[in-house]
Structure formats: C-alpha cells, structure tokens
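Here is a short briefing for a first look at one chain. Please keep the sequence and the 3D view open while reading.

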Amino acid sequence: MPHWTPELLSPAGSLEKLKVSVLYGANAVYLGGQKFGLRQAADNFTYEELSEGVEFAHSRNAKVYVVLNSFLHDNDLVELPEFLYLLEELKVDAVIVSDLGVISTIKKHSNLVIHLSTQASCLNIESAKLWKNLGATRIVLGREVTIKEASLIKKATGLEIEMFVHGSMCMAFSGNCVISNYTQGRDSNRGGCAHSCRFEYSINFNDDKNDKGHDVEKRAAQKAYFMSSKDLEGIRLLPEFIEAEIDSLKVEGRNKSHHYAGTISKVYSDALRFYKEHGHFLSSDMLNWEEELRKVSHRDYTTGSLDHYAESDSIYNQREHDDNEYVVSGIVLEAIPEEHLLVDVKSAFHPKDILEVMRFSGATKKCEVQFLKSLSGVSLERSKPGTVVKIPYIEGAEKFNIIRRAIKQ
Ligand code: SF4
C-alpha cells in the first residue's frame, strides 16, 4: 500500500475558483497575477485577491504557485522585481517560470522557489540537470514525456517532478507555437493563444510532381481538424504516477469553469485518497469517477504521451461542440440546516427544477426546488444570474458547494 500520493495541483483562474479547487481537494493551486503569465483571458489576480487567496489556501494546508511563464522582452523585465517583492511578502510557495531572463531576475531580487514551466519543454535528464544548476527545484515536464521517462529524470536529478494529468492539450511543443500570432495577431507566448489548432484546415496538394520529380495523381483539397488534440485524462494511470514517485499531478484549465475546477479536483483527490487507503481501485469506483469526468465540458479523452508517445489516435479531428451535460446553477454562500441555502446564482433555474449539490466528499445530493425566493422573501419564478436567492436546504450542503443542474432532466 502506498504511504504517499502525489500533490494534486489544480487551476485557479479566479479567487472563487481557487476556493473551489482547494475545498474540493486540491493540495495546491496555480494562478496568474495581472502580468507575466500566459492566460490573458483568465480572471487574473489583483494584489488583494492574491493576498486573500494565499491566506485561504495556506489556512487549509494548500500551496499557491504563481505563473510567470511568459517569454519577456527587456521592457517587460523592468517591472518584474517589484512584483517579486510582493510575491515574497505574500509568502507564495513558488513561481513557475520558463524564461532564463526571468530566472536570473528572480535570483537577483528574491529567494522565491523556482519551478520550471512546461513552456521550457524539458524532456530529458541533461536538460533537467542544467535547469537544476540554474536554480529550478521542480520541473514541470513537457507533455511529450512518458511516465517512465519522467521516473528516470527524477532518479537522475533528484528534482521534484510535475506532470500534467488532465485537461486540454497543446498540439505544439508545450505552447511553443505562433499559429495564433500569424492567423489572429495574438501572441501565444504572451497569453493570447486563440486555439487556432482547433480550427478546420484544408490540405492542398497543388504540386503534381513528388520530391523525386515523378508525376503523382492530383488529389482534391481535404478539409479536416487534423491539428486539434483530444483532452488528456490520466486517472487510470494514477498507480503508475505513484510508483514513479511523480511529485505533483497538474490539472490544466485556468480559463475553465467552476464546475470543471470543482469536479476534476474532487474526482482526482477522491481517487488518490482511495488508492492510498486500499492500494488498488475498484472498477465500479473507477467507472463512477470516469462518468463524473464526462460531466464537464471536454473533448474525447486520450492518455496522450503518458504511457506511449502520442499518435494519430490522440487527434480529435472534429469541430468543437458544446457537450455540457450540466450547467452550474450557483455556489452556496450559506447553508442553514433544515431551513434554506443562500445561493449565488450563476445560471437561471426555476421552481420544480431538480438541482444537485456537489459535496466536498461523497456522492452528489439531488433536490427539487420547492421554493425559490429573493433575499427579502419574495417568491420568484426564475433565478437571475448575478443575484442571491434562497432555496430549500439540501442535506449535506456547505458553503462553497457547487450546485448544478442536468441540462436534460
Ligand atoms: S494554437 Fe494550439 S498548438 Fe498553438 S499554442 Fe494554442 S493550443 Fe497550442
């Protein structure tokens, strides 16, 4: 039986999502400040939010890592030292970095712990040793590395190793891609990726000679989504991660929803806890966990390069479509047992709808909305996003639980 399981590292796209990730079982979260990170669209943290987030996470024994993984120009570096002072003052647990200039600036101006970002595409032992000499204590390996290779890198370097276990994949070498720059004028390495690899492209065979100068049959242009990857899902490989002593398992998705942050954190933390206690999985539990992972918006799943190098079966090859089975109806702000829940409404629902509370542990609980009232007690026919409403108490519900509704009831 394992005495230890890896850290579960979840995305925190906003202060509220940080709380959701931590409460649903993440041992650590990663987030971006207003600058220097790679997710322009994420609701990046202000200083005050960062301060509250660090306090919240630390009070629940969770760590906070701040991403500084843009590749910077000299102008950008000027403001970095001041931000580093703030991060040290807030006692963040590490910064995630890819640019050598940023690493050098961190070492000159702070004692912050340095994790090497997956953006640096570290795939081998020699590269990892070099990054260690430059000050990295943890390497977030490129997604192209298998668990077996990661284990060898860990043994040879003694570094902490972090690997992606779940979420969207990048078709380029971990973000080293400029398709968005050329097609949309958006710089992927400054957080502007427009997911151009998800678009439909045509392959045109215009040349009627091959590279040896022989005539070839002209083929019609083919349209396809041949650069769009499936999503990563590594839940069945948790025993391999544990055996390889991978220190941290990362969930992609700072731009994704509360439902995603909560569901993925809960499923993987439940699975890791179960494995630590029993040393094996029950197939019925595994099927339940996989079913939960399919309730959040996702493409088809693949294990990517975790167990063998990714091949053509990792290509999604279809148009993106909305496959949400559930919508988040709200977040519990207050739970008064036997009386009511106060809910911060995220999407509209009505009296008689069936809502589900995602509890921090254990199965979800369903309940019919027998009453729906405003804070002042007026009965409502429909909840309005952005408002706070009262609904009946649902057994086991707690503050910050996600309340969701199946789209097809
Ligand atoms: S466009 Fe696709 S391949 Fe390029 S950085 Fe974005 S996600 Fe990666």
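The points below go from the whole chain to single residues.

This is a predicted model: local features need pLDDT of at least 70, side-chain atom pairs count only at pLDDT 80 or more, and totals for chains, interfaces and linings use all residues. Residues are numbered from 1 along each chain as its sequence is written.

**Whole chain**

- The chain has 11 helices and 19 strands. Helices (H or I, at least four residues) and strands (E, at least two) are DSSP runs, numbered from the N terminus.
- The radius of gyration of the chain is 23 Å, close to the 22 Å that the globule rule gives for 409 residues, so the chain is as compact as a globular protein of that length. That radius is taken over C-alpha atoms, and the rule is 2.2 Å times the number of residues to the power 0.38.
- Along the principal axes, the C-alpha atoms fill a box of roughly 75 × 60 × 50 Å.
- Of the 409 residues, 43% are buried. A residue is buried if 20 or more other C-beta atoms lie within 10 Å of its own, exposed if 12 or fewer, and partly exposed in between; C-beta atoms are placed from the backbone.
- Among contacts between residues at least 6 apart in sequence, 66% join residues at least 24 apart. Two residues are in contact if their C-beta atoms, placed from the backbone, lie within 7 Å.

- Strand 1 (residues 7-11) runs parallel to strand 2, joined by three bridges. Leu 9 has Ala 28 as its bridge partner in strand 2.
- From strand 1 the chain passes through helix 1 (residues 15-23) to strand 2, a right-handed β-α-β crossover. Right-handed means that, with the strands pointing away from the viewer, the path from the first strand over the helix to the second runs clockwise.
- Strand 3 (residues 63-68) is also parallel to strand 2, with five bridges between them. Here Gly 32 has Val 67 as its bridge partner.

**Helix 5**

- Val 102, Ile 103, Thr 105 and Ile 106 are buried in helix 5 (residues 100-109). Seen down the axis, the buried residues fall within an arc of 165°, so they line one face of the helix. The arc is that of the directions from the helix axis to the C-beta atoms.
- Leu 100 and Lys 108 are exposed on the face turned away from that buried side.
- The buried residues of helix 5 pack against elements including strand 3, helix 4 (80-90) and strand 4 (94-97).

- Seven strands form an open, antiparallel sheet in the order 16-15-19-13-14-18-17. Two strands pair if DSSP finds at least two bridges between them.
- Strand 16 (365-368) and strand 17 (373-374) stand at the edges, each with a single partner strand, so one side of each has no neighbour in the sheet.
- Six bridges join strand 13 (residues 326-336) to strand 14 (residues 340-345). Ala 335 stands opposite Leu 341.

**Positive phi**

- Most residues other than glycine have a negative phi.
- Asn 61 has a positive phi, near 60°. Asn 61 lies in the loop between helix 2 (47-59) and strand 3, and is exposed, with 9 C-beta neighbours inside 10 Å.
- Phe 400 has a positive phi, near 80°. Phe 400 is in the loop between strand 18 (388-392) and strand 19 (402-406), and is partly exposed.
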